[in-house]
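Keep the structure open beside you as you read.

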Amino acid sequence: MAKDGGGPDWNGLLKWSLAHGDGTAKPRSLSEEDKKWFMEAMQANTMDVVKRMKEITQVMKTPDDVLQSQGVTPENIEDMLDELQEHVESIDMANDLHSIGGLDPLLGYLKNSHAGIRAKAAEVVSTIVQNNPKSQQLVMESNGLEPLLTNFSSDASTNSRTKALGAISSLIRHNQPGVAAFRLGNGYSALRDALGSDDARLQRKALHLLQYLLHDNKADRSVATELGLPKLMMHLASSDDSGVREAALGGLLELARDNTSGAGNALPDQDKLKDVLKSRIEGISTMDADDLSAHREERQLVDSLWKECYNEPSSLREKGLVVLPGEDAPQQPPPDVVGSMFEPPLRAWAASRPPPKEDSESESAKKDPPLLLGPGPSS
């Protein structure tokens, strides 16, 4: 059941799958011929993916001046990395990238002179290491955290900074050596700078990572306090961006629950915090029904933070605005506003990638895989 050209008949495979898996026919045993054809088709596709990854690796190893002499543009490289990201959504393919020699040149692209290539390379790294301890270790051993920290802390491109932060978040999650290296690399200082930026997307990602770190590494809460992060979070709790507000409130709640010092919670300037919470309560109280529903997490976080700090329910509870009619009561602890940011992507090579959630820079349509390397110069 192969095409005349020798490749697998994917249209035939699709029709066969629909005919045998739509639930309208009774299950039947597959013939040996069907089993053989199916396995050959699947194996051929796997071999094609590995072959293509090797071709991409060869391009990544090719010096920039050689690529430029063949008419390859930075946009071509970004398209190629976009394709590579699709392939490494499979954990097996992500781990194979190192074995075929592609990981080191990919990390080298984090130092590329073009911001778009740096950002796209960070996206690929994020996909490779997310929920993948083996690739996390391989990237750490290849010193991949260092260029990511450099880009996050000092890249002139905000998009590149944000993508680097996303890769760092995936790399150090459930990875204590990574968290330790992040701390030693002045990662918390870089988070402070990100919180002080004027880009809401960068602020949100920084707050999500900070909340994760404060939750899983309680010893670092004193570091966060010394760097003034609680005050920055108080400021961001009044942001015009609802996602920033929720993430800031979540981080403050983590610190408010820290009683390890024996002298109350780890939040400074309780009077300022009370003013911030009063302002949010006033804003929530004037919302219409649709806005109240859309800001459910913020309502519950404000109430929980007030109760944690002042040992009494907030006025939102008295007004019946913490749990609206028809809503389930919040579980204890209050809703996690971090988990969704670290949820692993669909790790199956046969699945299509979901569209980007936040990045307007990635809205261009997919293109056919570019042929980047042409014939060499004639002798």
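The secondary structure of this protein chain comes to 20 helices and 0 strands. Helices (H or I, at least four residues) and strands (E, at least two) are DSSP runs, numbered from the N terminus. What you see is a predicted model, in which local features need pLDDT of at least 70 and side-chain atom pairs count only at pLDDT 80 or more, while totals for chains, interfaces and linings use all residues. Residues are numbered from 1 along each chain as its sequence is written, and side-chain values use heavy atoms, with hydrogens and water left out.

How much of the chain is buried? Buried residues make up 44% of the 379 residues. Here buried means under 20% relative accessible area, exposed means over 50%, and partly exposed is in between (1.4 Å probe, protein chains only). Contacts tell us about the fold too, where contact means heavy atoms within 4.5 Å. Among contacts between residues at least 6 apart in sequence, 72% join residues at least 24 apart.

Now let's look at how helices meet. Two packed helices are described by the angle between their axes and the distance between the axes. The axes are lines fitted to C-alpha atoms, for helices over the stretch in contact, and the angles run from 0 to 180 degrees between N-to-C directions.

Start with helix 16 (residues 242–256) and helix 19 (residues 296–310), whose axes come within 10 Å and cross at roughly 25°. That makes helix 16 roughly parallel to helix 19. Angles under 35 degrees count as roughly parallel, over 145 as roughly antiparallel, 65 to 115 as roughly perpendicular and the rest as oblique. The crossing of these two helices is left-handed, a word used if the near helix is turned anticlockwise from the far one by less than a right angle, with right-handed used if it is turned clockwise. From helix 16, the contact is made by R245, E246, L249, G250, L252, L253 and A256, and from helix 19 by E297, E298, L301, V302, S304, L305, E308 and C309. By class, this contact has 8 nonpolar, 2 polar and 5 charged residues. Ala, Val, Leu, Ile, Met, Phe, Trp, Tyr, Cys and Pro count as nonpolar, Asp, Glu, Lys and Arg as charged, and the others, Gly among them, as polar.

Is L249 buried or exposed? At 0% relative accessibility, L249 counts as buried. Leaving aside its neighbours within four places in sequence, L249 is in contact with A237, L277, E298, L301, V302 and L305. The C-alpha atoms of L249 and E298 are separated by 7.7 Å, although the two residues are 49 residues apart along the chain.

Helix 16 also packs with helix 15, at an angle of about 140° and with the axes 8 Å apart. This crossing is left-handed. P230, M233, M234 and L236 in helix 15 meet V244, R245, A248, G251, L252 and L255 in helix 16. The residues of this contact divide into 8 nonpolar, 1 polar and 1 charged.

Helix 15 (residues 229–236) has helix 13 as another partner: their axes come within 12 Å and cross at roughly 130°. Helix 13 and helix 15 are therefore oblique to each other. Q203, L207, L210 and L214 of helix 13 make the contact with L229, M233 and L236 of helix 15. These residues divide into 6 nonpolar, 1 polar and no charged.

In helix 10 (residues 158–172) we find N159. At 15% relative accessibility, N159 counts as buried. The side chain of N159 makes a polar contact with the side chain of R201 (3.3 Å). A polar contact is a pair of N or O atoms within 3.5 Å; within protein, one must be able to donate a hydrogen and the other to accept it, and residues adjacent in sequence count only if both atoms are side-chain atoms.

Let's finish in the loops. H174 sits in the loop between helix 10 and helix 11, and has a positive phi of about 55° although it is not a glycine. H174 is exposed, with a relative accessible area of 59%. N186, in the loop between helix 11 and helix 12, has a positive phi of about 60° and is not a glycine either. At 53% relative accessibility, N186 counts as exposed.
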